[in-house]
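Please prepare a short report on the structure shown below. Keep it to what can be read from the model.

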Amino acid sequence: MKINRFMIAAPKSGSGKTMITCALLQLLKDNGKNVSSYKCGPDYIDPMFHKKVLGVPSKNLDTFFTDEKTTVQLFLDERADGDFAVLEGVMGLYDGLGGIYEQGSSYHLAKVTQTPIILVVDAKGMGKSVLALIAGFLQYDTQHLIKGVLFNRMSKGYYDIIKPLIEKELSVKVVGYFPEQKDIGLSSRHLGLVMPDELSDIKKQLNETADRLKKTIDMDLFMDIAEAADEIGDSESADVYNEKSIGNCDQNEFSQNKAINTVNIAVAMDEAFCFYYEDNLKLLEKCGAKLQYFSPIHDTRLPKDCDAMLLGGGYPELYAKELSENISMRKSIKTAFEAGLPTVAECGGFMYLHTYIRNICDDTDEQNKADVQNKADIQNDMNKSKLVGALDGGCHFKGKLIRFGYIELAEKHSNFLPPNEKIKAHEFHYYDSTDNGADCIATKPATGRSYDCVISHDNYWLGFPHLYYPSNPHFAESFVRKAYEYRRNKNGKLL
């Protein structure tokens, strides 16, 4: 398949990848291109910018989560000859697992998808030293994928001086520059970029960014680089959700006649719960699920006739007041959960199922605990927001990252996964639970360190890790099967 494409990567985080990527996507749309975007790694928020703000289809690709063949399949899914694709890198170009391995890096993804790379270099405070930096990155580029360099935070005057020098000495194309923009930019917070819905003028800012970038880059050169990308994949690669890829979903009794036996999975989707991998949702649908989106903030109850519930991650701590005040929804979810409704809850969704959430940091130096105990007791009551109460205890803000990075999860007793199988996941949270569970073993792939986590029994899987279903499609298959069994038992017959 001929997909015109390039990757926006950088030597380090904070170089301006997201701003440049969004502006380029807008320019490609303005030029009438059928463009899609892909985020390297487990980041949820950049794809939301692409989809919600720019209206560009976007999803994640990650060479830790999936092997090389599956990654290519995921890349080509729903693409057609002649489409344009922009891949946004993560961290520094060569930063993978543990910061030292290639797997999971932007470069690995570029290699797997045979994608040309545009290196965005933050040149603020640099002179000719940028040549040494670029030369080093070119030396590491064993596949010769770096086809262009774009300078961020560089003046026109210096650009005119340095561009011919770089192209002469390093034999790499310089595709443009972007002066420092003090009046536009994307704000940040502890989980990355702020949510698009929180920025009333984000569309205006991104349009302005695209207009300015258009004046300082060679868009024709970008197009030439994209169009020179090799063909990729074959006829089978374009269907990642075929029978072989997803295990036995198409052979299970619950999906033999989907028009009759489709099960309904209620999926929380609003300001507080919005962290979902697109391919997770697609896989559930392939296995026979119809997704019913609902809002724990704005709706009063779960969707009627739902057979399972998926509570994804997000920012429940920012909407604790609204979630707490929606008593009817909290009761609806607790009643359904206690009645055995199959439930998967990840990170923010896991927090929501607790009895309370406390947003004030409760880590107090041992020496001072006795002196402030009375005050702390008062603060505990004042700063707790009541949540669903399906799980005893609460979640507390710790003021620092509790767990971060990739993990592989294995169940101690087979429930959602076949015996001796694992599923890959990612953690990133500043809150901790009074009970994180101990039904799974999480293993860090780079170090081998392991720890217990997740509350998992017959009908539910609850914990902080964000799962990536295509890394083991049996998880999605099991979840849908449990929904089907719940529906069958509830109705006493097949519907």
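This is a predicted model: local features need pLDDT of at least 70, side-chain atom pairs count only at pLDDT 80 or more; totals for chains, interfaces and linings use all residues.

Thr-113 belongs to helix α4, which covers residues 106-113.

The side chain of Thr-113 is paired with that of Thr-115 through a polar contact of 2.7 Å. Setting aside neighbours within four places in sequence, the residues in contact with Thr-113 are Arg-5, Phe-75, Leu-87 and Ile-232.

## The chain as a whole

The chain is made up of 495 residues, and 56% of them count as buried. Its secondary structure comprises 15 helices and 26 strands. Among contacts between residues at least 6 apart in sequence, 79% link residues at least 24 apart.

## Cys-347, the annotated position

An unreviewed UniProt entry carries the annotation "active site" for Cys-347. Such annotations may be inferred rather than shown by experiment. In the model, Cys-347 sits in the loop that runs between β15 (343-346) and α13 (348-352).

Cys-347 is buried, because its relative accessible area is 7% and the class takes in values under 20%. Apart from neighbours within four places in sequence, Cys-347 is in contact with Gly-313, Phe-428, His-429, Gly-463, Phe-464 and His-466.

## Helix α8 and Met-219

Helix α8 spans residues 219-227, and its buried residues are Met-219, Leu-221, Phe-222, Met-223, Ile-225 and Ala-226. The elements that cover these buried residues include the helix α1 (17-30) and the strands β1 (4-9), β4 (84-88), β5 (117-122), β6 (146-152) and β7 (173-178). At the start of α8, the backbone nitrogen of Asp-220 has a side-chain oxygen of Asp-218 within 3.2 Å.

Met-219 is part of helix α8. Met-219 counts as buried because its relative accessibility is 15%, which falls under the 20% cut-off. Beyond its neighbours within four places in sequence, Met-219 is in contact with Leu-24, Leu-27, Leu-28 and Asn-31. Between Met-219 and Gly-176 there are 8.7 Å from C-alpha to C-alpha, with a separation of 43 residues in sequence.

## Ser-58 in strand β3

Ser-58 is located in strand β3, residues 58-61. With a relative accessible area of 2%, Ser-58 is buried. The side chains of Ser-58 and Ser-37 form a polar contact of 2.8 Å.

Helix α10 covers residues 278-286, with Asp-279, Asn-280, Leu-281, Lys-282, Leu-283 and Leu-284 buried. Just after α10, Gly-288 adopts a positive phi of about 110°.

The structure contains four cavities of 30 Å³ or more, and the largest cavity holds about 60 Å³ of space. The lining of the largest cavity consists of Tyr-44, Phe-275, Tyr-276, Tyr-277, Asn-280, Leu-281, Leu-310, Gly-312, Glu-346 and Tyr-469. By class, the lining has seven nonpolar residues, two polar and one charged.

## Positive phi outside glycine

His-144 is not a glycine, yet has a positive phi of about 55°. His-144 lies in the loop between α5 (129-140) and β6. At 57% relative accessibility, His-144 counts as exposed, because that class starts over 50%.

Asn-420, likewise not a glycine, has a positive phi of about 65°. The position of Asn-420 is in the loop that connects β19 (403-411) and β20 (422-429). Asn-420 counts as exposed, with a relative accessibility of 85%.

How values were computed:
Residues are numbered from 1 along each chain as its sequence is written. Side-chain values use heavy atoms; hydrogens and water are left out. Helices (H or I, at least four residues) and strands (E, at least two) are DSSP runs, numbered from the N terminus. Buried means under 20% relative accessible area, exposed over 50%, partly exposed in between (1.4 Å probe, protein chains only). Contact means heavy atoms within 4.5 Å. A polar contact is a pair of N or O atoms within 3.5 Å; within protein, one must be able to donate a hydrogen and the other to accept it, and residues adjacent in sequence count only if both atoms are side-chain atoms. On a 1 Å grid over the protein atoms alone, a cavity is a set of points where a 1.4 Å probe fits but cannot get out, and a pocket is an open set with protein on both sides within 12 Å along at least five of seven lines; lining residues have an atom within 4 Å of a point. Grid points are joined across faces, edges and corners, and a volume is the space filled by probe spheres set on the points. Ala, Val, Leu, Ile, Met, Phe, Trp, Tyr, Cys and Pro count as nonpolar, Asp, Glu, Lys and Arg as charged, and the others, Gly among them, as polar.
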